[in-house]
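Here's a quick tour of a protein model for anyone just getting started with structures.

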Amino acid sequence: MTAADSFTGDVTVDPATVEAYQRDGVVVVRGAFSPEDVELARRAVDANLANLSPKAKRASAEDDGAFIEDFCSWQRIPEIERFVRESPAAGIAAQLMGSQTVRLYHDHMLTKEPGTRQRTPWHQDQPYYNVEGTQNTSMWFPVDPVDRESTLEFVAGSHTGEWYMPRTFQDAQAKWFPEGTLSDLPDIEGEPDRWPVVGWALEPGDAVFFNMLTLHAAGGSTRRRRVISIRMLGDDMVHAPRQWTTSPPFDGLVDELPAGVPMDHPLFPVLWPRTAG
């Protein structure tokens, strides 16, 4: 990754990385974010932890370390909005997706406190969502060092395959698609030749970008692991209302945005190209 004036002062992604993203559905971007970006993201996560929204939840058992998630806080936490709008994230996303525009879908804070045993099970993100299309990406940006055992892992190339049944992380309940309408997950660890797993140890300033259909999972964490994840939408993404509550929920959106249209709504601002102000 290099900073280049030819890309409006943002980070230029080399063609090999773009090719890898299209092929594997995931890439690591090393050192594309400045120390100032990292510090802003760290303040954003800490501000979110200090002011959780009604959407926040604990994704670990009470006898385990705290695994805390929160969603859609950019409108109430200035540090999150600034990071979303001003960091290199959207410019990198545009290049990886091959998209002329990048729209925010939602921000997602994920913190595992030291000693959290709870594993994030294998899943895809898009089946939990109310959007459809192929030009999308999620950026997973840790503000603490993450070792290989605690990082996100991915099944390379799984974004081009089928959708799998989304389930709750702690008790594996099907609360989104009706039971039996989608396939259950394959035995990823049991068939490593069929399901190639990739993952990287990360330092602050590194980020992972992945397609919303790429299968991924993560282990527990022996040390604190604070992450801000930015979900972004490209040119072909459209609204796909569900008959059940999505994760995160967007209450009332179905009354304001018809099915099959772009996510042109104040909840989902355009981040790229950048506009004055």
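Predicted model: local features only at pLDDT ≥ 70, side-chain atom pairs only at ≥ 80, totals over all residues.

**The whole protein**

- The protein has four helices and 16 strands.
- Its C-alpha atoms fill a box of roughly 50 × 45 × 40 Å along the principal axes.
- For 277 residues, a compact globule would have a radius of gyration near 19 Å, and the protein's 18 Å agrees with that.
- Of those 277 residues, 53% count as buried.
- If you take the contacts with a separation of 6 or more, 81% come from residues 24 or more positions apart.
- The accessible surface comes to about 12000 Å², and 51% of it belongs to carbon and sulfur atoms.

**Aromatic rings**

- How many aromatic pairs does a search of the whole structure find? The search turns up 12.
- One of the pairs is Tyr105 with Tyr129, which is edge-to-face: the centres are 5.0 Å apart and the planes are at 70°.
- Tyr105 is in strand S6 (residues 102-112), while Tyr129 is in the loop between strand S7 (120-123) and strand S8 (131-132), so this pair ties together parts that are 24 residues apart in sequence.
- Are these two tyrosines buried or exposed? Tyr105 is buried at a relative accessible area of 1%, and Tyr129 is buried at 3%.
- Now back to Phe177: its ring and that of Trp163 have centres 6.1 Å apart and planes at 85°; planes over 60 degrees apart count as edge-to-face, so this pair is edge-to-face.
- Trp163 and Phe177 both sit in the loop between strand S10 (152-155) and strand S11 (197-199), 14 residues apart, and their pair links distant parts of the chain.
- Tyr105 and Tyr129 also belong to one aromatic cluster together with Phe250 and Phe268.

- Met212 lies in the loop between strand S12 (207-210) and strand S13 (216-218).
- Met212 is buried, with a relative accessible area of 0%.
- Leaving out residues up to four places away in sequence, Met212 touches several others, including Tyr105, Tyr129, Asn136, Arg231 and Leu233.
- Met212 and Pro15 are 197 residues apart in sequence and 21 Å apart in space, going from C-alpha to C-alpha.
- Arg242 has its place in the loop between strand S15 (238-239) and strand S16 (270-272).
- A polar atom of the Arg242 side chain lies 3.1 Å from the backbone oxygen of Tyr129.
- Not counting residues up to four places away in sequence, Arg242 touches Tyr129, Asn130, Val131, Glu132, Trp163 and Phe177.

- Look for Asp144 in the loop between strand S9 (136-142) and S10.
- At 10% relative accessibility, Asp144 counts as buried.
- Which side chain makes a polar contact with the side chain of Asp144? That's Arg226, at 2.6 Å.
- With residues up to four places away in sequence left out, Asp144 touches Leu202, Pro204, Arg224, Arg225 and Arg226.

**Helix H4**

- Why is H4 described as largely enclosed by the rest of the structure? Nine of the nine residues of H4 (residues 89-97) are buried, so that is how it gets the description.
- Among the buried residues of H4 are Ala89, Ile92, Gln95, Leu96 and Met97.
- Gly98 follows H4, and its phi is positive, near 65°.

- A cis peptide bond joins Ser247 and Pro248, with omega about 0°.
- Pro248 lies in the loop between S15 and S16.
- The peptide bond from Trp272 to Pro273 is also cis, with omega near -5°.
- Pro273 is in the segment after S16.
- Cys72 is a residue other than glycine with a positive phi, near 55°.
- You'll find Cys72 in the loop between strand S5 (67-71) and helix H3 (78-86).

Note on methods. Residues numbered from 1 in each chain as written. Heavy atoms only, no water. Phe/Tyr/Trp six-rings, centres within 6.5 Å; stacked < 30°, edge-to-face > 60°. Helix = DSSP H or I, 4+ residues; strand = E, 2+ residues; numbered from the N terminus. Buried < 20%, exposed > 50% of the residue type's maximum accessible area, 1.4 Å probe, protein only. Polar contact = N/O pair within 3.5 Å; in protein donor to acceptor, adjacent residues only side chain to side chain. Contact = heavy atoms within 4.5 Å. Rg over C-alpha atoms; globule rule 2.2 N^0.38 Å. Areas by Shrake-Rupley, 256 points an atom, 1.4 Å probe, with all protein chains shown as cover.
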